[in-house]
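The notes below are in the order in which I looked.

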Amino acid sequence: MSTPVVQDINDPKVVQQQMQNIFNFYHPKCIDKQHGGFIQHWVDDGPGTETTGRHVVHSCRMVMNYCLALKYSFLKKDEALSAIEHGLQYLDRHKLPNGLYSWMSDDGKVVDASVRCYGYSFLLQAYGMAWDAGVSAAKEIVTRIWNDMEDLFWEPTYKLYADEVQTKDNPEQADRKAYTKSCYRGQNSNMHCAEACLLLWEIFQDKKYLDRAETVITKFTKTLSSELATPPGGEGSVQGLVWEHWTMEWKPDMQYNHENPNDIFKPWGYMTGHQGQWSQLLLVLHEFTCKTDPDRESGCQWMVERAENLFKAACDIGWDEKHGGFVYGFAPDKKWCADTKMFWVQAELMATAMMLGVLTNKPEYQEWAKRIWVYCWNCFIDHTHGAWWCSLSCDNTRIPGPKSPVGLKSDYHSLFGLHKVQQALLKKH
């Protein structure tokens, strides 16, 4: 099938139709009536055979996809709520006997008992969105998860989240008090915690969520990034961007996973897409803060300026002028360390460009949004079966493998990236 003529990303109807096409690829075949939850392994035209168990993050993101589908009326309310509750029931099967959520389960049995902040950040979002969709019992669970995160991961001294807690005991028998924080600290879990806090503020209007979001976002985009003003790499190295890995004392760990720049969750280097996501968080924080306290508007302008700086750096360093698209990651000397093109990087940076364009009214951002969209349309969108391809090589050749691997891809980034584009367009129109 030849690629259809590119449609206009500035047309809300086009954006919503693409969202529906993505959702329709998964629904209703993703609902696993035999084992519970949602199927997480997908080949080109539908479900594949799962062999590794299911990720708690993936389980959460599928719930969130259905919540978004309800918001756009892709399904009738009863049908959407049934799927959402079906997904929430499976999340209980990720629990250990002590009530903590594990990283992976297989047919209801825990196969990776890791207790990770990254997973908890998406539990907050899944249950928060479920409550907003109409699942009344979800609010109490949000509160419980928040309190667990305060006990397990939050570090008052540094005002940031630790990445993981571990126990030397058998996880199936371990008491919660037996868990201690691991040595690793990372930006990724903190970024999604900030994202969760902004979402919960929008839903519940509880000031503690907005305050926590501001604390974490300011810490990473202003305080810690300024400490990296002259990172290892010498002359010409990047300045003031968000580094991935940190020590227990929140000092940059420039060697962690140095041999794995393509790692799914903890890659070495500066992640092009993460600069864009922090930019988004700054823009949302700016909007919510100014609405809540108009007197702070002038004092919050730095948020927009930092958002622009992060996005521009991602474009200047991470965009492939020869083949199009953003590469996965780059080193402190600005050389690409991972030239793979990942679907989520494109979706998130496209959303960032549109958000910046609408807020600042600067044509350069609108042009970037269109450029990224055209690239995605031609290279990542599967116009035959629906959804997006997972990853491409530097020259945009498809990398062999499933369309949506377990734990990596539920098209949550594609759907929510387009949702952010749609929200920006509605403000514009």
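I began with helix H4 (residues 117–133) and H5, which pack with their axes 8 Å apart and at an angle of about 160°. I bear in mind throughout that this is a predicted model. Since angles over 145 degrees count as roughly antiparallel, I noted H4 as roughly antiparallel to H5. The crossing in which H4 passes H5 is left-handed.

I then listed who makes this contact: from H4 come Cys-117, Tyr-120, Ser-121, Leu-123, Leu-124, Tyr-127, Gly-128, Ala-130 and Trp-131, and from H5 come Ala-138, Lys-139, Ile-141, Val-142, Ile-145, Trp-146, Asp-148, Met-149 and Leu-152. Sorted by class, the contact of H4 with H5 has 14 nonpolar, two polar and two charged residues.

Asp-148 is among the H5 residues in that contact, and I looked it up separately. Asp-148 sits in helix H5 (residues 138–152).

My next entry is on Glu-164, which lies in strand S9 (residues 164–166). Glu-164 has a relative accessible area of 12% and is buried. Leaving aside neighbours within four places in sequence, I found Glu-164 in contact with Ser-114, Val-115, Arg-116, Phe-153, Thr-180, Lys-181 and Ser-182. I also checked Glu-164 against Gly-119: the two are 45 residues apart in sequence, and their C-alpha atoms are 9.7 Å apart in space.

Last, I turned to helix H8 (residues 272–292) and helix H9 (residues 301–318), whose axes are 8 Å apart at an angle of about 160°. H8 and H9 are therefore roughly antiparallel to each other, and H8 passes H9 in a left-handed crossing. Residues making the contact include Trp-278, Leu-282, Leu-283 and His-286 of H8, and Trp-302, Met-303, Arg-306 and Phe-311 of H9. By class, I recorded 11 nonpolar, seven polar and one charged residues for the contact of H8 with H9.

How many of the residues of H9 are buried? I found 13 of its 18 residues buried, and wrote H9 down as mostly covered. As a check on the length of H9, its 18 residues at 1.5 Å a residue should span 26 Å, which agrees with the 26 Å between its end C-alpha atoms.

Conventions
Residues are numbered from 1 along each chain as its sequence is written. This is a predicted model: local features need pLDDT of at least 70, side-chain atom pairs count only at pLDDT 80 or more; totals for chains, interfaces and linings use all residues. Side-chain values use heavy atoms; hydrogens and water are left out. Axes are lines fitted to C-alpha atoms, for helices over the stretch in contact, and angles run from 0 to 180 degrees between N-to-C directions. Helices (H or I, at least four residues) and strands (E, at least two) are DSSP runs, numbered from the N terminus. Angles under 35 degrees count as roughly parallel, over 145 as roughly antiparallel, 65 to 115 as roughly perpendicular and the rest as oblique. A crossing is left-handed if the near helix is turned anticlockwise from the far one by less than a right angle, and right-handed if clockwise. Contact means heavy atoms within 4.5 Å. Ala, Val, Leu, Ile, Met, Phe, Trp, Tyr, Cys and Pro count as nonpolar, Asp, Glu, Lys and Arg as charged, and the others, Gly among them, as polar. The expected span of a helix is 1.5 Å times one less than its number of residues. Buried means under 20% relative accessible area, exposed over 50%, partly exposed in between (1.4 Å probe, protein chains only).
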